[in-house]
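User: I would like to work through a model with you, one feature after another. Please give the general idea each time and then the case at hand.

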Amino acid sequence: GDMKTLAAGGEHGLLELVAATHAGLSTDEFAVVVKDWLATARHPKFQRPYTELTVAPMVELLAYLRANGFQTWIVSGGGVEFMRVFAEQAYGVPPQQLIGSSLELKYERRNGQPVLVQQPKVAFIDDKAGKPVGIHKAIGKRPIAAFGNSDGDFQMLEWTTSVPGARLGVIVHHDDAEREYAYDRKSPFGKLDHGLDEASARGWTAVSMKNDWKQVYAPAR
């Protein structure tokens, strides 16, 4: 329950914790663990499954972009093996279009079958300056648009929009304490400070969840 210490470790510390607890599991075994957890876990504030708490306007935006010929990717500091389990159902983004933090993997044979086994070593941190690196490695081209909600997305937004031509950078500001959460400059998780200061000068659109969105989450199923 020591969230302060967990936050102080940043993405790398969190991944080291994942490495310590999940090393030795194959990617298939880990996917089963994630599916089982998602089937029963409920968010402590909203008492709904986490897969029902995708932000409705962003899901609508992803669908709109795909309907108009764009390819959509998720670029997250979270673990890529975790997100691949549910991203297609929740966001319409297939597992091969996810970029995230990861552990080292090792090819092994178990019970006569080939498997990929997670190792107790962080392979890649997909946060801050790591995001443009991850995008380039996975996609091989600069995005046309990027959407973020924290200073961990700053370099991705900067890299996306700092070239000639039509580009779009959007920051989603979590400022709705009633319907979601209100946090930004002093938050231990998801801190948004530098991005708020720089958005206007860089031509990025800052979206207020409180003032600009009629709906945050889709109605309960």
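User: Which residue in β5 does Phe 147 stand opposite?

Analyst: Phe 147 stands opposite Val 170 in β5. Helices (H or I, at least four residues) and strands (E, at least two) are DSSP runs, numbered from the N terminus. The model is predicted, so local features need pLDDT of at least 70 and side-chain atom pairs pLDDT 80 or more, while totals for chains, interfaces and linings use all residues. Residues are numbered from 1 along each chain as its sequence is written, and side-chain values use heavy atoms, leaving out hydrogens and water.

User: In which sense do β4 and β5 pair, and over how many bridges?

Analyst: Two strands pair if DSSP finds at least two bridges between them. Strand β4 and strand β5 (residues 168-173) pair in the parallel sense, over 4 bridges. As for its faces, β4 (residues 145-148) has Ala 146 and Gly 148 on a covered one, with Ala 145 and Phe 147 on the uncovered one.

User: How does strand β2 pair with β3, parallel or antiparallel?

Analyst: The sense is antiparallel, with 8 bridges between β2 and strand β3 (residues 113-124). Lys 106 faces Val 117 in β3 as its opposite residue. Strand β2 (residues 98-110) also pairs with strand β1 (residues 74-79), in the parallel sense over 3 bridges. There Ile 74 stands opposite Leu 98 in β2.

User: Which residue takes a positive phi in the hairpin of β2 and β3?

Analyst: Asn 111 does, near 55 degrees, in a hairpin with 2 residues between the strands. Asn 111 has this positive value although it is not a glycine, and its place is the loop between β2 and β3. For cover, buried means under 20% relative accessible area, exposed over 50% and partly exposed in between (1.4 Å probe, protein chains only). Asn 111 has 82%, so it is exposed.

User: Where is Gln 47 found?

Analyst: Gln 47 is in the loop between α3 and α4. Its phi is near 55 degrees, again a positive value in a residue other than glycine. At 54% relative accessibility Gln 47 counts as exposed.

User: How many aromatic pairs does the count come to?

Analyst: Rings of Phe, Tyr and Trp (its six-membered ring) pair if their centres lie within 6.5 Å; planes under 30 degrees apart count as stacked, over 60 as edge-to-face and the rest as tilted. The count comes to 6 aromatic pairs. Take Trp 37 and Phe 82: the ring centres are 6.2 Å apart and the planes are at 55 degrees, so the pair is tilted. The pair links distant parts of the chain, 45 residues apart, with Trp 37 in helix α3 (residues 27-40) and Phe 82 in helix α5 (residues 80-83).

User: Which residues form one aromatic cluster?

Analyst: Trp 37, Tyr 50, Phe 82 and Phe 86 form it. Tyr 50 lies in the loop between α3 and α4 (56-67).

User: How exposed is Trp 37, and what of Phe 82?

Analyst: Trp 37 is partly exposed, with a relative accessible area of 39%. Phe 82 counts as partly exposed at 30%, and Tyr 50 does so at 31%.

User: What lies over the face of Tyr 181?

Analyst: A charge sits over a ring if NZ of Lys or CZ of Arg is within 6 Å of the ring centre and within 35 degrees of the ring normal. Here Lys 45 lies over the face of Tyr 181, at 4.3 Å from the ring centre.
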